[in-house]
Amino acid sequence: MTDPSRIRNFSIVAHIDHGKTTLSDRILEITGALTAREMTEQVLDDNPIEKERGITIKARAVTLNYKAENGEKYVFNLIDTPGHVDFTYEVSRSLAACEGAVLVVDATQGVEAQTLANAYLAIHNNLTIVPCINKVDLPSAVPEMAREQIEEVIGIPAAHAALTSGKVGTGVRDLLEQIVHEIPPPQGDPDAPLKALLFDSWFDAYRGVTCLVRVRDGVIKKGTKILFMGTGQTAEVQEVGVFNPKQLVVPQLGVGDVGYVIAGIKELLATKIGDTLTGAERPTEQALPGFQDVKPMVFASLFPTESDDYESLRDAMEKLKLNDASFTFEPESSTALGFGFRCGYLGLLHMEIVQERLEREFNLSLVTTAPSVPYRVTTTRGEILEISNPVKLPDPQYIEKIEEPYILATIITKDEFLGGILALAEERRGKQVSLEYAGTSRAVLKYELPLNEVVLDFYDKLKSISRGYASFDYQLLEYRPGDLVKLDILINGDPVDALAFIVYRGKSQDKGRALVDKMKEMIHSQMFEVIIQAAIGAKIIARSTVKALRKNVIAKCYGGDITRKKKLLEKQKEGKKRMKKVGRVDLPQEAFLAVLRVD
Amino acid sequence: MNLPGAYLHIPFCAHRCTYCSFVALTGLEHEDRYHRALVREIVDRRAETDLPFDTVYFGGGTPSFVSPRLLEDALAALRGGAGIGKDAEITAEANPDDLDSARVDALRSIGVNRLSMGVQTLSDEELPWLERRHDAAGARRALAMATEAFPRVSADLMAGIPGQTRGSLAESLAGILASGVQHLSVYLLEIEKAPRLVALQKERPDLFPGDDELASFWEDVHRTATAAGFVRYELSNWALPGYESRHNLKYWTAQPTVGFGVSATGFDGRVRRTNTGSTNEYVKRVLEGQSAEAVRVELSEEEATRESILLGLRLHDGVTEESFGRVTATLSRGDRERLEDAREAGLLEFSRSGRVRLTEKGVLLSNEVFSAFV
């Protein structure tokens with residue numbers, strides 16, 4: 001237990017690729033937590049897919065010792081935060097465990113949408129913000145521009161912002177000094193009942209669930225009987241400790257401390273992020289504010305291309321879920337695709353990551369359906385249904401109204417791309433909230449958008465319109481009524497449930513037309529003619545035809561050729577295996593996502 | 001009794017054609033050493049069969065390009081072992097421009113009784129793409145000479161040549177049939193292994209007949225050949241009754257064959273053995289008294305029966321319903337469904353006489369059926 005006045009708890013927040021991880025590593029190196037040799041790997045990201053994409057998904061906390069220039073020793077708890085819009089809630093809980101946040105801004109890029117979103121989250125959590133202008137070693141760095149933007153766009157003083165380079169190490173000591181002097185020490189009552197914020201947890205087969213906590217009041221140690229106030233779970237603490245960054249057992253965690261708690265819990269679901277830990281025997285009266293049960297906002301189905309893989313897929317998803325409580329799935333039976341699962345994700349990136357891990361780590365070949373959002377449907381009988389699968393939408397005559405989730409999107413862009421982005425947002429049924437300029441050529445744009453228009457490739461379109469420059473962040477608003485219809489896709493006359501989706505009525509005609517044309521390109525000629533139709537209710541609104549294949553023949557086959565010919569046949573067959581057979585038609589995996597590929 | 005067939009590979013050509021994927025050397029520099037090695041291999045492997053060869057097939061390369069002595073000595077070596085049957089079919093592949101009356105006489109006198117002529121096309125616009133040495137007139141003369149001198153002559157016709165049309169193909173076919181050949185093999189030009197043609201296709205895709213057009217080519221050939229009395233006894237081979245290639249039939253009915261020479265393959269019903277594909281290595285190994293075998297694949301019983309269906313379906317008569325049923329019962333559910341679809345699509349027919357065969361449409365889509373068996 002450290003004297004709280006010597007503790008500094010902080011996060012580092014930044015837009016993606018602004019150098020947060022490199023800077024964190026450098027801080028670890030300077031505080032002696034890691035040697036230069038150990039630095040070759042970026043320590044805080046320990047998932048290969050995260051590493052590949054440069055994104056940190058799981059928060060981690062490290063405890064560091066820092067000897068300041070005034071000769072005093074300090075304990076730093078550096079809490080890493082996930083770096084993507086889908087994980088806003090997790091970020092906000094990590095921030096809630098801190099007194100301060102280092103706001104990293106890339107000196108070559110300036111303030112981006114996530115910089116802004118994270119800064120607001122930090123301000124909202126009453127954190128002291130320590131701005132820091134990073135990547136100053138790059139020739140294209142313009143620290144003045146970054147400084148101006150921090151002051152103008154975010155509205156915090158930045159005159160004394162540290163100029164750092166995580167890569168070469170300049171300015172990092174200045175930053176550490178600012179952390180000591182500007183971020184307030186934690187406050188709390190050591191004698192009050194235990195009150196600790198749970199801000200991360202994960203599961204491993206040997207120890208069960210490990211919780212990362214920040215103690216507000218009281219102490220927690222081995223033997224403490226604890227209560228999770230949100231879930232009602234009770235447990236007895238087996239071990240407490242810190243990561244420095246290696247796991248280190250300590251006797252107890254007290255006011256201001258950040259560390260881990262292991263209490264023999266086997267279910268990740270019992271340890272929800274944002275929950276309050278308290279003593280089971282002497283509980284605190286008031287839980288910490290801000291706890292939410294996060295709900296998935298993006299849904300898509302997963303089917304194994306080979307129906308024999310169903311069990312393996314379920315096993316794989318269960319394993320994955322052990323460490324990702326926000327991922328949900330339930331069995332689904334599709335007439336077209338057989339048995340699979342309807343999966344819920346926090347957002348699009350979360351979806352991509354989960355699917356990629358299933359395919360890569362568990363070696364599964366999957367068919368993914370187009371993402372959907374949860375709709376709220378009021379039936380004519382007055383029931384309110386939550387529909388996250390278009391297949392389950394009641395027939396139109398039973399629908400009183402449909403409501404859909406809206407988001408507030410923040411887009412930051414160079415003004416030269418503004419025209420294209422405004423057109424995109426309008427086309428996606430967006431309603432402009434504000435448009436402001438920051439500096440001479442940057443526009444900060446806020447739009448209210450239906451989430452259903454965003455989950456279908458909005459982000460990709462935004463990137464391509466702005467040649468990769470525009471940045472994007474969002475927060476959920478509320479449900480609003482929408483004029484929506486279900487669009488069915490029929491293959492050879494039969495509706496394929498997995499291809500159905502919900503679309504704004506005003507766009508249904510164009511979308512249906514574009515979709516059947518796109519699918520025609522994607523579906524190869526086969527033994528039978530393939531007729532693709534789009535329909536709303538009983539009305540066919542578009543149709544196209546893939547002509548039957550006329551020739552698939554290896555003309556000659558003699559002695560030495562047989563082996564080679566068989567290989568060719570095997571290759572053809574492998575290609576077919578990656579497709580999903582619907583009736584007599586082989587549909588390539590991408591056909592189920594064709595709706596993402598149409599304009 | 002299943003008498004074996006012998007395949008002998010002659011890897012020499014005057015020029016390498018654009019589309020060729022066989023083992024072949026340009027020129028005759030290594031002919032002598034190869035001559036010695038081939039004869040030596042035949043002698044060394046005499047013990048492999050005690051049954052006389054029923055067919056002998058000189059393939060290449062260009063067997064008509066080398067000295068007839070090479071072929072003669074090889075035949076003599078074969079005779080010195082279990083022997084060559086009295087009525088054996090002895091085929092040599094021949095290039096139209098190698099054939100003059102002296103060559104024809106020589107081939108006939110050493111015992112060759114069937115010629116397989118690499119005509120490909122009789123269009124002077126199409127020949128340059130293939131880098132064949134002959135022109136159309138020369139090919140017609142060679143065909144006439146061949147049919148005059150040999151009791152059995154086959155001609156190769158190629159479909160899919162850049163610039164080929166239904167009209168030009170019909171003209172080539174008419175010329176070939178008029179020459180009096182009794183056997184016709186039709187090939188599809190495969191451009192994948194010919195960089196020059198791949199490049200051409202990128203630049204001038206319009207020159208290449210599309211799949212639909214190729215399907216029409218195939219149907220045209222079948223109609224014309226049938227009208228001339230030919231029967232399609234195998235997927236890409238037509239013959240007047242009694243003039244089928246006995247040697248190639250051995251491949252399609254899984255009868256034993258022995259392969260001699262570089263890259264040659266033999267099969268005894270279960271084991272498929274292939275010699276090294278390097279002529280240099282082949283000669284070296286054989287002359288040092290070693291085996292030239294490079295690949296040996298033993299088929300499991302299941303693989304062997306599946307292969308027998310796959311190959312049997314290439315034949316006009318197909319396979320018995322009984323054997324078809326027995327093998328399909330061992331396939332995965334997906335493959336069985338595919339075969340069911342193929343039957344519904346009219347690719348397979350089950351005859352009253354208890355046989356399963358490809359229909360006209362099924363021939364063109366045969367891979368859809370065959371892939372169930374690999």
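What share of the contacts in chain B with a separation of 6 or more is accounted for by residues 24 or more positions apart? The figure is 69%, where contact means heavy atoms within 4.5 Å.

Before I continue, a word on the basis of these values. This is a predicted model, in which local features need pLDDT of at least 70 and side-chain atom pairs count only at pLDDT 80 or more, whereas totals for chains, interfaces and linings use all residues. Residues are numbered from 1 along each chain as its sequence is written, chains are lettered from A and ligands numbered from 1 in the order in which they are written, and side-chain values use heavy atoms, with hydrogens and water left out.

Let me stay with chain B. Its secondary structure consists of 15 helices and 17 strands; these are DSSP runs, helices being H or I of at least four residues and strands E of at least two, numbered from the N terminus. The radius of gyration of chain B is 21 Å, close to the 21 Å that the globule rule gives for 374 residues, so chain B is as compact as a globular protein of that length. That radius is taken over C-alpha atoms, and the globule rule is 2.2 Å times the number of residues to the power 0.38. The C-alpha trace of chain B spans about 55 × 50 × 40 Å along its principal axes.

Of the 374 residues of chain B, 55% count as buried. Buried means under 20% relative accessible area, exposed over 50%, and partly exposed in between, with a 1.4 Å probe and protein chains only.

The domain assignment of chain B, whose bounds come from an automatic or database assignment, gives domain 1 (5-251) and domain 2 (301-373). Where these domains of chain B touch, domain 1 contributes twelve residues and domain 2 contributes ten residues. Taken over C-alpha atoms, the centres of the two domains of chain B lie 29 Å apart.

I turn to one residue of this chain. Arg246(B) is placed in helix α9 (residues 246-252) of chain B. Leaving aside residues up to four places away in sequence, Arg246(B) touches Asp54(B), Thr55(B), Asp87(B), Ala88(B) and Glu89(B). Between Arg246(B) and Glu125(B) there are 121 residues in sequence and 34 Å in space, C-alpha to C-alpha.

Now to chain A. Chain A contains 13 helices and 33 strands. Its radius of gyration is 27 Å, close to the 25 Å that the globule rule gives for 599 residues, so chain A is as compact as a globular protein of that length. Along its principal axes, the C-alpha trace of chain A spans about 85 × 70 × 55 Å. Of the 599 residues of chain A, 58% count as buried. Among contacts in chain A between residues at least 6 apart in sequence, 69% join residues at least 24 apart.

Why does Glu403(A) count as buried? The reason is its relative accessible area of 13%. Residues up to four places away in sequence not being counted, the residues that Glu403(A) touches include Tyr375(A), Arg376(A), Tyr479(A) and Arg480(A).
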